[in-house]
Amino acid sequence: MSDDGEKTELTAFQAALAAEHAAVYGYGVVGGRVGEGRRSAAKAAYDAHRARRDALAREVRDLGGRPVAASAAYALPFAVRDQADAVRLAAQLERRVAGVYADLVRSTSGARRTSAAEALREAAVRAVGWSGQSVAFPGLAERAGEGTGTGTDTGTGTDTGTGAAGAAPSGSAAAAR
């Protein structure tokens, strides 16, 4: 792989790692508000995102990078006041993580691509579980018209450019929007 290809791959892994950091944070909020009947699903998703985060940090180190650190706090895309908001946040977290993994699939090959595709599939399945809705091409349809991921939230569940997993680091430019 060329130096440019390795840099692109490392950048995609760092973006996925940042998204997983945000998802872990977001699921902490979801777990605090979701109803008893969905609490086990929230815990399973939280654990899955923690495991993916740890695996991505190892991949970044294997590629010679320094893993991006988690922020101390993240701005959520909307206020989470009740169980319905918690379920909506979980679905949005998964859609956004799926988008980042779609980028990682495009940037990798071999075993790394297989792993990224598996992570994309898992996020898409969880998104359907939370929202009850699916899309033909998970990770892609949600990002239609977003260009570089800096679109604005119009209430449709599209990416707001906030850390790809639904939350922006507190104090970041995305959080200030």
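The model is a predicted one, in which local features need pLDDT of at least 70 and side-chain atom pairs count only at pLDDT 80 or more, while totals for chains, interfaces and linings use all residues. Residues are numbered from 1 along each chain as its sequence is written, and side-chain values use heavy atoms, with hydrogens and water left out.

The protein chain contains four helices and two strands, these being DSSP runs numbered from the N terminus (helices H or I of at least four residues, strands E of at least two). Read from the N terminus on, the order of the elements is α-α-β-α-α-β. With contact taken as heavy atoms within 4.5 Å, 71% of the contacts in the protein chain between residues at least 6 apart in sequence join residues at least 24 apart.

The interior was examined through nonpolar cores, each a set of buried Ala, Val, Leu, Ile, Met, Phe, Trp, Tyr and Cys residues joined through side-chain atoms within 4.5 Å. The largest nonpolar core has 20 residues, of which A16, L56, Y101, L104 and L120 touch the most other members. Two or more residues are given to this core by each of α1, α2, α3 (83–107) and α4, and the largest share, seven residues, comes from α3. When its neighbours within four places in sequence are left aside, L56 is in contact with F13, A16, L17, E20, Y101 and L104. A second, separate core consists of 14 residues, including V34, V80, A86 and W130.

A pair of aromatic rings is described by the distance of the centres and the angle of the planes. Rings of Phe, Tyr and Trp (its six-membered ring) were taken to pair if their centres lie within 6.5 Å, with planes under 30 degrees apart counted as stacked, over 60 as edge-to-face and the rest as tilted. Two aromatic pairs are found in a search of the whole structure. Y25 and Y74 form a tilted pair, at 5.2 Å centre to centre and with 50 degrees between the planes. Because Y25 lies in helix α1 (residues 3–33) and Y74 in strand β1 (residues 74–75), this pair ties together parts that are 49 residues apart in sequence. Y25 counts as partly exposed, at 30% relative accessibility, whereas Y74, at 9%, counts as buried. Y27 and W130 also form a tilted pair, with 6.3 Å centre to centre and 45 degrees between the planes. This pair links distant parts of the chain, Y27 being in helix α1 and W130 in helix α4 (residues 110–131), 103 residues apart; Y27 and W130 are both buried.

The charged end of R88 sits over the ring of F78, at 3.7 Å from its centre.

Ten salt bridges are found in the whole structure, a salt bridge being a side-chain nitrogen of Lys or Arg within 4 Å of a carboxyl oxygen of Asp or Glu. In one of them, R112 is paired with E9, and the closest N and O atoms are 3.5 Å apart. Since R112 lies in helix α4 and E9 in helix α1, the pair ties together parts that are 103 residues apart in sequence. R112 counts as partly exposed at 25% relative accessibility, while E9, at 3%, counts as buried. A network of salt bridges links E9, E59 and R112.

A further salt bridge joins R52 to E122, with the closest N and O atoms 3.1 Å apart. This pair links distant parts of the chain, R52 in helix α2 and E122 in helix α4, 70 residues apart. R52 is buried, with a relative accessible area of 16%, and E122 is partly exposed, with 23%. Within helix α2 (residues 39–62), K43 and D47 are four residues apart and thus separated by about one helical turn; they form a salt bridge whose closest N and O atoms are 2.8 Å apart. K43 is partly exposed, with a relative accessible area of 47%, as is D47, with 32%.

Terms used. Buried < 20%, exposed > 50% of the residue type's maximum accessible area, 1.4 Å probe, protein only. Lys NZ or Arg CZ within 6 Å of the ring centre and 35° of its normal.
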